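Reader: I am new to this structure and would be grateful for a close look at a single part of it. Please describe how that part is built and how it sits among its surroundings.

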Amino acid sequence: MSTLLLVEDETLLREGIQEILEAHGYVVIGAADGVEAIEWLGQVTVHLIVTDLFMPNMNGVEFIEHVSANHPQTPVIVISGSTGTAMKRMGIESIHVPGATASIMKPFKAAELVALIQKVLAAT
């Protein structure tokens, strides 16, 4: 059984995704931002991280940089519905963030996210 860390500041979206992933047999830990997620990474073994880009306290790019430096074996999937303008303000051109394994744009279908998670986990 794989443990996933879901980092999403929108509570209803985080809880909805968590419910879907748990229904597919995953253990899911929810975090509201990168700071909380880093705390979890120090406490539990995580097999895969799903993270938003735009969050308070620590944005997704900063969080992915931390994961790359401190947990390089842990794959990261980026989820975002952000506009290109907002991404350019963060210094990135797309949701294909350096250090991330894969990405998916919001809104996405539950089956698409589950299939992507299965693909990434199978490759690790």
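Author: A polar contact is a pair of N or O atoms within 3.5 Å; within protein, one of the two must be able to donate a hydrogen and the other to accept it, and residues adjacent in sequence count only if both atoms belong to side chains. Helices and strands are DSSP runs, the helices of type H or I with at least four residues and the strands of type E with at least two, numbered from the N terminus. The model is a predicted one, in which local features need pLDDT of at least 70 and side-chain atom pairs count only at pLDDT 80 or more, while totals for chains, interfaces and linings use all residues. Residues are numbered from 1 along each chain as its sequence is written, and side-chain values use heavy atoms, with hydrogens and water left out.

The setting comes first. The chain holds five helices and five strands, which follow one another along the sequence in the pattern β-α-β-α-β-α-β-α-β-α. A residue is called buried under 20% relative accessible area, exposed over 50% and partly exposed in between, with a 1.4 Å probe and protein chains only. By that rule, 48% of the 124 residues of the chain are buried. Contact means heavy atoms within 4.5 Å. Among contacts with a separation of 6 or more, 69% join residues 24 or more positions apart.

Helix 3 spans residues 60-70, and its buried residues are G60, V61, F63, I64 and V67. They lie on the same side of helix 3, because they cover an arc of only 160° around the axis; the arc is that of the directions from the helix axis to the C-beta atoms. An α-helix has 3.6 residues a turn, so residues three or four places apart point the same way. On the face of helix 3 turned away from its buried side are the exposed residues E65 and A69. The buried residues pack against strand 1 (3-7), helix 2 (34-41), strand 3 (48-52) and strand 4 (76-80).

The N-terminal end of helix 3 is capped by N59, a side-chain oxygen of which lies 2.9 Å from the backbone nitrogen of V61. The loop between strand 3 and helix 3 also contains N57. That residue has a positive phi of about 70° although it is not a glycine, and it is exposed, with a relative accessible area of 66%.

Strand 4, one of the neighbours of helix 3, contains V78. V78 counts as buried, because its relative accessibility is 0%. From V78 to I64 there are 14 residues in sequence and 9.1 Å in space, C-alpha to C-alpha.

Strand 1, also packed against helix 3, includes T3. T3 is buried at a relative accessible area of 13%. Apart from neighbours within four places in sequence, T3 is in contact with V27, I29, T45, V46, H47 and L48.

Helix 2 is the helical partner. Its buried residues are G34, A37 and L41, and they sit on the same side of helix 2 because their arc around the axis is only 55°. These buried residues pack against strand 1, strand 2 (27-31), strand 3 and helix 3. D33 caps the N-terminal end of helix 2, with a side-chain oxygen 3.0 Å from the backbone nitrogen of V35.

Axes are lines fitted to C-alpha atoms, for helices over the stretch in contact, and angles run from 0 to 180 degrees between N-to-C directions. The axes of helix 2 and helix 3 come within 10 Å and cross at roughly 20°. This makes helix 2 roughly parallel to helix 3, since angles under 35 degrees count as roughly parallel, over 145 as roughly antiparallel, 65 to 115 as roughly perpendicular and the rest as oblique. The crossing is right-handed; a crossing has that name if the near helix is turned clockwise from the far one, and is left-handed if turned anticlockwise by less than a right angle. In this pairing, G34, A37, I38 and L41 of helix 2 meet F63, H66 and V67 of helix 3.
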